Amino acid sequence: MTARADFSPADWPVAILAGGLATRLRPVTEKIPKALVAVADQPFLAHQLRLLRSAGIRKVILCVGYLGEMIESEFGDGGSFGMELSYSVDGPTLLGTGGALKNALPLTGEKFLVLYGDSYLPIDYAAPIGAFAASGKLGLMTVFQNANRWDSSNVWFEGGEIKSYDKENRTPEMKHIDYGLGILRAEALAPWPNDRPFDLAEVYQDLVGRRELAGYEVGQRFYEAGSREGLAELDAMLRGQQLSVTL
């Protein structure tokens with residue numbers, strides 16, 4: 001399937017899942033949310049938003065929970081980034097990645113991109129958007145042939161299709177990994193009740209079972225800010241970019 005190039009990222013809202021407890025980064029995240037952890041001398045979310053802005057994204061919904069008020073205080077309405085930021089708040093009970101998305105549907109609309117709150121993905125965002133639109137399916141997962149290099153592979157992707165996806169029960173056929181960017185129609189979340197915690201992985205697995213999850217393979221490695229090792233790699237990469245710009 002050939003991705004269409006005439007779908008502008010500016011027309012697609014992005015929901016960023018930024019509500020987790022970030023236990024792997026404690027004790028730093030006992031006082032600040034992961035989005036505000038410093039990378040290359042700035043909060044991670046600042047780098048993430050600038051990357052999305054450079055890719056053409058203009059509207060972002062931040063799904064926040066733990067210490068989310070600190071994120072809103074820091075980034076406001078997104079005007080300083082040339083973007084429109086809005087906030088969907090979990091409330092007293094953390095809803096998980098899937099529940100947070102369902103809670104945000106009044107802000108996302110009928111179709112939207114979803115990005116993990118610790119993912120830094122330097123790719124062409126228009127390409128998976130075009131592939132999703134052409135697929136006619138309820139969802140799309142971007143995948144990367146990871147072969148367990150940066151994290152455990154969890155996707156069996158073959159012949160341009162996602163055959164299985166499971167973060168807990170991995171099989172030898174799984175050579176790819178969930179890259180961190182998905183695209184969904186609101187209808188994909190319909191089977192789950194409101195105000196109940198559930199994981200985005202459950203949504204993806206349901207869609208795979210119904211043959212409603214398209215796959216788009218990415219060739220560019222991902223960076224992440226969810227672990228100390230990932231933060232160190234991302235920090236080095238971003239500082240290298242800054243140095244190359246100033247030389």
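## Aromatic pairs

Seven aromatic pairs turn up here, counting rings of Phe, Tyr and Trp (its six-membered ring) whose centres lie within 6.5 Å; planes under 30 degrees apart are stacked, over 60 edge-to-face and the rest tilted. The model is predicted: local features need pLDDT of at least 70, side-chain atom pairs count only at pLDDT 80 or more, and totals for chains, interfaces and linings use all residues. Residues are numbered from 1 along each chain as its sequence is written, and side-chain values use heavy atoms, with hydrogens and water left out.

Take Tyr 179 and Phe 222: their ring centres are 6.2 Å apart and their planes stand at 85°, so this pair is edge-to-face. Tyr 179 sits in strand β11 (residues 176–185) and Phe 222 in the loop between β12 (213–218) and β13 (223–224), so the pair ties together parts 43 residues apart in sequence. Strands here are DSSP runs of E, at least two residues, and helices runs of H or I, at least four, numbered from the N terminus. Tyr 179 counts as buried at 1% relative accessibility, and Phe 222 does at 9% (buried is under 20% relative accessible area, exposed over 50%, partly exposed in between, with a 1.4 Å probe and protein chains only).

## Helix α6

Which residues of α6 (residues 200–209) are buried? They are Leu 200, Ala 201, Val 203, Tyr 204, Leu 207 and Val 208. Viewed down the axis of α6, these buried residues fall within an arc of 155°, so they line one face of the helix; the arc is taken over directions from the helix axis to the C-beta atoms.

Just after α6, Arg 211 adopts a positive phi of about 55°.

## The largest pocket

The largest pocket holds about 1,100 Å³ of space. A pocket is an open set of points on a 1 Å grid over the protein atoms alone, where a 1.4 Å probe fits, with protein on both sides within 12 Å along at least five of seven lines; lining residues have an atom within 4 Å of a point. Its volume is the space filled by probe spheres set on the points, which are joined across faces, edges and corners.

The lining has 44 residues, and Arg 24, Lys 34, Tyr 116, Asp 118 and Lys 167 lie nearest the centre of the pocket. Strand β11 gives the most to this lining, with four residues.
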